[in-house]
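I opened this notebook to record what I looked up in the structure. The entries follow the order in which I worked.

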Amino acid sequence: MSQALTQYNAMYEAMRSRRIRPPSYKGLDRVASRGLMLLRHRKMRSGVLSAMADSVLALEGEMHNLSEAALDDGVERIREQFLRGRHDHERVVRAMAIVREVARRATGQEAFRVQVIGALALYHGRIIEMLTGEGKTLTGSIAAPLIAWERRHLHVFTVNDYLAARDAESRRGIYRRCLLDVGAITQETDPGERFAIYAKPIVYGTPKQITADYLRDQIRMGPLRSPWAGRTAMALSQSGGGGGGMGGGGASNIAPMIPGLRAALVDEADAVLIDEGVVPLIIARSRREDEMAQIYAAARRMALKLDNGPDYTVDKVRRKAELKRRGEERCEQMFAETLERGGDPIWKATRRGEELIKQALVAEHCYHRGQQYEIVDGKVVIVDEYTGRFLADRSWEHGLHQSVEAKEGVEITADRETLARMSFQRFYRSYPFLCGMTGTAADAIGEIESVYSRPVTVIPTNKPVIRAEWPMRIFATARDKWDAIVASIETIHMEGRPILVGTRSIAASELLSRLLDERGLEHQVLNANFDKEEAELIARAGQGGSPGVKGEAAITVATNMAGRGTDIMLDHKGRRTGGLHVLLTEMHGARRIDRQFIGRAGRQGDPGSAQIFVSLEDELVQNFARSAAAVAKTRAGGPELSGGSGNRAIFALAQRRSQARDRRNRAGVLRQDDWIDKNLPGVG
């Protein structure tokens, strides 16, 4: 491991333990930074982009009349101008018109005016909001060739391996005709193949895969920090001396797998840049497997002997446990008894022992199967709380993962030594050019603009949204809520309408599935346990039925992973009976996620409706508005409360507090990243 990375890890641990405190940002600094960013992008405001899109569409007739040979010739000439840096405003318009025509002939889809506006915004380095179903995949694929021509290499980030492989293959015809090769990096990609794929102009992949390969480059190349050493390594790689794999020739030991970070286009930018942006990607190796396994098991046994309240307190919001004086004394007594029986010497270090006990308490009270993790093939697998997907290759830090394994009684994996780490947020900020698209960027405009210095542009819909938003229904208890949800599903199902039901966790989706089974309502479940069938399940989710006929219309129960990157297409019956109905079983911690799910209904001017069901026992209000919920519960005159502004305000308050907490956490990581960039500029 290089000296700079060693320093980086030491600095990170020092900040984590608060021995070093990163500087805080003042309000004026943020305002000034945002002002400078907006000034840089002032020439490409929405009105200018709209006028450019009109100019692109004005060339439609000319493009349609081009022969295949003439179109290929046009591609070659405009590409050459981009490669030489001779592309002005008019050439960008013509290039977009040519690529739009290439896409039409390759896919049969002709980009709408709003998609052209979106593609131009992406090309000019903006984050765009396009509502669900407005065609972000096509929008990105007509912007990508222009970016790749100008920037030489483009990384396209998607939320999972399936979408990376799917989009790379489905867009291959467009890129190939634009004289660009494309590849996808997934979990299954062989290490030897990765060099060749990263050498392609356009590479699709997930943040985890590409960031991990970048960190492996940093570890493997070690002290090659000078420009001369970097150019030498690149020359060796491009000459074939080191591009064959990790262990091919001598040059492969110093040549980078990723030939520089040039440009990034981020799909589902809210999830990738905001929700997952502060997650650290860690390269680690195992250590002390046998000894530590017994220690984590012993820590759990001791933790269960303590009393909640007299001995310790648990903050479920921050996921922290603190020992009280009595708890500390009882721990010291248990440590002494363990040592007398010949226990591991680690219990001599009282502070370390207390940390192990506190991790065991956090695992017991704050991490629950079906919510934060699942057991898959006898192993603890993390569930992404924002997308509901499995994160099979991730583990929690600082012994938390092992504490959860001890809780579940599965094999305790080896404790790990960190070799290198980097937050995804810091990695994306390393790209000289960054753009992205999502359905909900408007809810995070300030954060995106301040963290990534990228302006946000809201793209209008191609057709007016006619989705009906039904009033929120509020219940005193979770049981009353679930009974009402099942009754509502049955009523709408008998109208012949397809229904998509959103849940916050795997456990909630499986509870609802059991309740629907009891009512004899056929349905399909989409959660991390069925992620491989996602595309197939979503394809059936828009199926309508005949009114009054049970079992025809589709009922899909899903965590909020549903539809990320896939459209729910209504069939004729589904459209005729009123379109897709989206039912949310509780509010999420961020309003953006509620909007994403509700946006599955009413795509491209389709009919549809949406409604949210909540209870005063929901996790969101219990964590962030417990007192207000308790007062409302005492005043409830029955199982269902009125949907008045006072009761709705409780849930709005809880959601605002949840969002504020998450913003504070992300701001803390940002300060750490900026501090490390300033003090250790050689890392990354």
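**Entry 1: a hairpin.** The model I am reading is predicted. I began with β9 and β10, which form a hairpin with two residues between them. In the turn, Asp377 has a positive phi of about 55°. I then looked up the pairing: β9 (residues 373–376) is joined to β10 (residues 379–383) by four bridges, and the two strands run antiparallel. Ile375 stands opposite Val380 in β10.

**Entry 2: an aromatic pair at β9.** Tyr373 lies in β9, and I asked which ring pairs with Tyr373. The partner is Trp396; I noted 6.4 Å from centre to centre and 85° between the planes, an edge-to-face pair. Trp396 sits in the loop between β11 (390–391) and α18 (400–408), and the pair links distant parts of the chain, 23 residues apart. I also checked burial for both residues. Tyr373 has a relative accessible area of 0% and is buried. Trp396, at 17%, is buried because the cut-off is under 20%.

**Entry 3: other aromatic pairs.** The count of aromatic pairs comes to 14. I took Tyr214 and Phe427 as one of them: their ring centres are 5.3 Å apart and their planes stand at 55°, so the pair is tilted. Tyr214 belongs to helix α12 (residues 207–221) and Phe427 to helix α19 (residues 424–428), so this pair ties together parts that are 213 residues apart in sequence. I found both Tyr214 and Phe427 buried. I then noted that ring pairs link a cluster made up of Phe157, Tyr214, Phe424, Phe427, Tyr428 and Tyr431.

**Entry 4: the sheet.** Next I wrote down the strand order of an open sheet of seven strands, β3-β4-β2-β5-β13-β1-β14, with parallel pairing. The edge strands, each pairing on one side only, are β3 (182–185) and β14 (456–458). On average, neighbouring strands of this sheet are turned by 20° against each other, direction ignored. Leu434 in β13 is the bridge partner of Ala264.

**Entry 5: helix α8 and its surroundings.** Which strands does helix α8 touch? I found that α8 (residues 136–151) packs on the sheet and touches β1 (127–129), β2 (154–157), β4 (202–205), β5 and β13. The direction of α8 makes about 175° with that of β13.

I then turned to α7 (residues 113–123), whose axis comes within 8 Å of that of α8, the two crossing at roughly 30°. The crossing of α7 past α8 is right-handed. On the α7 side, the contact involves Gln115, Gly118, Ala119, Leu122 and Tyr123. On the α8 side, I listed Leu138, Thr139, Gly140, Ile142, Ala143, Leu146, Ile147 and Glu150. By class, this contact has eight nonpolar, four polar and one charged residues.

**Entry 6: Arg194.** Is Arg194 buried or exposed? I found Arg194 in helix α11 (residues 191–198), and its relative accessible area is 6%, so it is buried. Leaving aside neighbours within four places in sequence, I recorded that Arg194 is in contact with Ile185, Thr186, Gln187, Thr189, Gln209, Asp213 and Met257.

Terms used. Residues numbered from 1 in each chain as written. Predicted model: local features only at pLDDT ≥ 70, side-chain atom pairs only at ≥ 80, totals over all residues. Heavy atoms only, no water. Buried < 20%, exposed > 50% of the residue type's maximum accessible area, 1.4 Å probe, protein only. Contact = heavy atoms within 4.5 Å. Pairing = 2+ DSSP bridges. Axes fitted to C-alpha atoms, helices over the stretch in contact; angles between N-to-C directions. Left-handed = near helix turned anticlockwise from the far one by under 90°. Nonpolar A, V, L, I, M, F, W, Y, C, P; charged D, E, K, R; others polar. Phe/Tyr/Trp six-rings, centres within 6.5 Å; stacked < 30°, edge-to-face > 60°.
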